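Could you walk me through the pockets of this protein, and then through one of its strands? I would like to follow along with the model open.

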Amino acid sequence: MAFAWKAAGITYNRYLAVAARVVRRSLKDDKRLQAEKRGEMDLRFAKWENGKQGESRNLAEANEQAAQPHAGGQ
Amino acid sequence: MNSLRIARSALRVRPTVTRAAKRGYADVTPDKIRLSLALPHQSIYKSQDVVQVNIPAESGEMGILANHVPSIEQLKPGLIEVIEEQGGSKQFFLSGGFATVQPDSRLSINAVEGYPLEDFSADAVRNQISEAQKIAGGSGSEQDIAEAKIELEVLESLQAALK
């Protein structure tokens, strides 16, 4: 099965996240407020080299930057 | 003497075996399927006996009954219908995931988000559809357009379910 999102360079994980985000936004207000909290992710990571920690970066931003050249090159 | 001692210890051991009924195939009554429907944050059904489950698989809409052949199905974002023992049926809209049928009539469905239909707002769906259509038809990055298309797929399925 060739999926359109796969051809566009989106991973299954990201596909699930996008679908879940849409479902959360479609809820009625009271349920939506609780559900939106599940969609928030604030992860930071840092690369270690030679025993020294590199700069701490936001995971979501890093993923976006990493995805751009791939999508642009298609 | 020895044999008497052995016989006595054998008598002591036996009572426990008869009490705990050994689980056999017949425990899951042949016309029920044991459903576990789980989201990361909530367990909607936990090994509960139901009669039938209709799932929106990528390969097509399927109805899972007892003694279904073991299979793994990827789910489209869509409506799951659970027909319960008492005769009522419940519907949930799932955002996507997998359904696994195991031998001896056990069905495990995993999804990221799932809600009954009454929790959704038709207005919110309509607004999101128009926004997603704008992005999908626009000139943003391929990534954004692909994501907008995913959103449209989910939203159209949701809108159809809400009618």
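This is a predicted model: local features need pLDDT of at least 70, side-chain atom pairs count only at pLDDT 80 or more; totals for chains, interfaces and linings use all residues.

Let's begin with the largest pocket, which holds about 920 Å³ of space. Its lining is made up of 28 residues, and those closest to the centre are Arg14(A), Ala17(A), Arg21(A), Met41(A) and Ala60(A). Two or more lining residues come from each of α2 (12–25), α3 (29–39) and α4 (59–73) of chain A, and also from α3 (142–162) of chain B. The top contributor is α2(A), with nine residues.

At least two lining residues each are supplied by α2 of chain A and by α2 (122–137) and α3 of chain B. Sorted by class, this lining has six charged residues, three nonpolar and one polar.

Now turn to strand β1 of chain B, residues 33–39, where five of the seven residues are buried. β1(B) pairs with β2(B), residues 42–57, in the antiparallel sense through six bridges, and a hairpin of two residues connects these strands. Within this pairing, Ala38(B) has Ser43(B) as its bridge partner. β1(B) also runs parallel to β8(B), residues 106–111, joined by five bridges; there, Leu37(B) is partnered with Ile109(B).

Technical notes. Residues are numbered from 1 along each chain as its sequence is written. Chains are lettered from A and ligands numbered from 1 in the order in which they are written. Side-chain values use heavy atoms; hydrogens and water are left out. On a 1 Å grid over the protein atoms alone, a cavity is a set of points where a 1.4 Å probe fits but cannot get out, and a pocket is an open set with protein on both sides within 12 Å along at least five of seven lines; lining residues have an atom within 4 Å of a point. Grid points are joined across faces, edges and corners, and a volume is the space filled by probe spheres set on the points. Helices (H or I, at least four residues) and strands (E, at least two) are DSSP runs, numbered from the N terminus. Ala, Val, Leu, Ile, Met, Phe, Trp, Tyr, Cys and Pro count as nonpolar, Asp, Glu, Lys and Arg as charged, and the others, Gly among them, as polar. Buried means under 20% relative accessible area, exposed over 50%, partly exposed in between (1.4 Å probe, protein chains only). Two strands pair if DSSP finds at least two bridges between them.
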